[in-house]
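Thanks for coming. I will go through a few local features of one chain, and the sequence and structure come up now.

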Amino acid sequence: MPSKEFTLDDIAQHNKEGDLWIIIDSKVYDLSRFADLHPGGAGVLYADSVAGKDATQVFFGLHRLEVLQRPQSYSRETETIKPLGPGELSLVPYAEPTWLSSGYFTPYYSDNHRKFHRALRAFLMEVVQPEAVRCEENGKRISQEVVDKLSEINFLAMRLGPGKHLKGRTLMGGIVKPEEYDYFHELILNTEIARFGTRAFVDGLLNGGVIALPPILNFGTPEQQAKFIPDILAGKKYISLAVSEAFAGSDVSGAQTWIVTGTKKWITNGTFSDYFTTLCKTDSGFVVLLVERSDAVSTKPVKTSYSSTAGTAFVTFDKARVPVANTLGQVGKGMSIVLSNFNHERWMVTATSLGAQRLVVEECLKWTNQRIAFGKPLHAQAVVRIKLATIISRVEACQAWIENITHQMNNMSYHEQSDKLAGPIALLKQFVSKAGRETAEDATQIFGGRGITVTGMGKVIENYHRTSPFDAILAGAEDVLGDLGVRQAIRRMPKNARL
């Protein structure tokens, strides 16, 4: 229908039952037939501050922008409140890291990183975000259609960081060459996938492959790599890391064929995995086996406090037969293989946590600006401003530390990273996950009841408050990592150091 202009006096005439118009952000909405369907009751719409009035402020005190529907709207002017378009940056202070903020500088990021970020954010907003929201709500695994689109940009390969596995691949449509791809590109990728307020989907987004493929890449034979890696990176097969145990471990025996019996619990993507990179115990010590799904390998969902879209599983191996050819590395060296995997995994979890925390900053600043309490914006209260200052300070400290660590990773060999960064990365993850849980609590106080409501204005805050403990547990609990970091530091204490 062609747009039509109205005056405020025109709108004011439509303020009664059966004839109800309101203005939201310069657009006129005819709610005459909708009033009785309003979830909050028709009385809210007939209030003196709403019926026949500009209800923009009232609306945004109760609803998110995404709620607006326009089936019966008539434009008086072009609206000014719009969602971000694909690839666009938020102008809310601190909603973006400094290097993406106009007028600021960085020693870490290049123009190529900026191009990569812009293309990646556009792709994620257009292709992945709708899927993330659906799966977070319905608990279903990521669709093969979206996995195929992710595989076209070599998403999983990029999440494994720089390395020989990227050779010959077209990354993000050719924006970055395989030999130019570095850990800052990967940092961008990890922070961006966490910007949807869908924590479980972050893990469902092929995180199993991120943590289960490195043992094959680093310790697998050329035959093993050729057999398993191509289909996994192409999104045709799925893999999980099976290490955590609820009680009994996974024992193996055999000569030409391993016989695996035991269980694993809390296995990310386990419900839909085809392969399991599995830590097992033998008479000769630990060994890592690549176990293929069969009738002797069963999985069932583990119900946790986040969505089942992550595919968290309890895995049972009932005399599963595994060819000796599926042995990764040497028998007796299994624990060292698993431990070598932890630095990158912990850094990855830290990066996704940071991305989610920055989204919380943006949500809190928007909410305190549009929520009117006692006639003033919520940020007019000093106690609210103090909470905002604390939240912002935390996320900026986390950003600075992870960028420093990422810079070291870019300039160290894999061996040097293992030698020098295990302690710092452990302390980094402890710091960031603790900061996240404190921020989740502060944000919930700012949003009040909305912060504990699954839908509506506070849905992002509710999701983060409920799921932020996952960052504190996955890849190593906070206390364990803090102890590791200090023990690493003590080992490096010079013998002649004295006060």
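One cut-off to begin with: a residue counts as exposed when its relative accessible area is over 50%, and as buried when that area is under 20%. Please keep in mind that this is a predicted model.

That cut-off applies directly to Lys-319. At 58% relative accessibility, Lys-319 is therefore classed as exposed. Lys-319 belongs to strand 11, residues 313-323.

Is Ala-475 buried or exposed? With a relative accessible area of 11%, Ala-475 is buried. Its place is the loop between helix 18, 469-473, and helix 19, 478-491.

Strand 2 pairs with strand 1, residues 15-16, in the antiparallel sense, over two bridges. In that pairing, Lys-16 is opposite Asp-19 of strand 2. The hairpin made by strand 1 and strand 2 has two residues between the strands, and Gly-18 there has a positive phi near 85°.

Strand 2 also pairs with strand 3, residues 27-30; this pairing is antiparallel too, over four bridges. Here Trp-21 stands opposite Asp-30 in strand 3. The hairpin of strand 2 and strand 3 likewise has two residues between the strands, and in it Asp-25 adopts a positive phi near 50°.

Last, a helix pair. Two packed helices are described by the angle between their axes and the distance between the axes. For helix 4, residues 111-138, and helix 5, residues 144-152, the angle is about 155° and the axes are 10 Å apart.

Which residues make the contact? From helix 4 they are Phe-123, Val-127, Val-128 and Glu-131, and from helix 5 they are Val-146, Lys-149 and Leu-150. By class, the contact of helix 4 with helix 5 has five nonpolar residues, two charged ones and no polar ones.

That is the last item on my list.

Terms used:
Residues numbered from 1 in each chain as written. Predicted model: local features only at pLDDT ≥ 70, side-chain atom pairs only at ≥ 80, totals over all residues. Heavy atoms only, no water. Pairing = 2+ DSSP bridges. Axes fitted to C-alpha atoms, helices over the stretch in contact; angles between N-to-C directions. Contact = heavy atoms within 4.5 Å. Nonpolar A, V, L, I, M, F, W, Y, C, P; charged D, E, K, R; others polar. Buried < 20%, exposed > 50% of the residue type's maximum accessible area, 1.4 Å probe, protein only.
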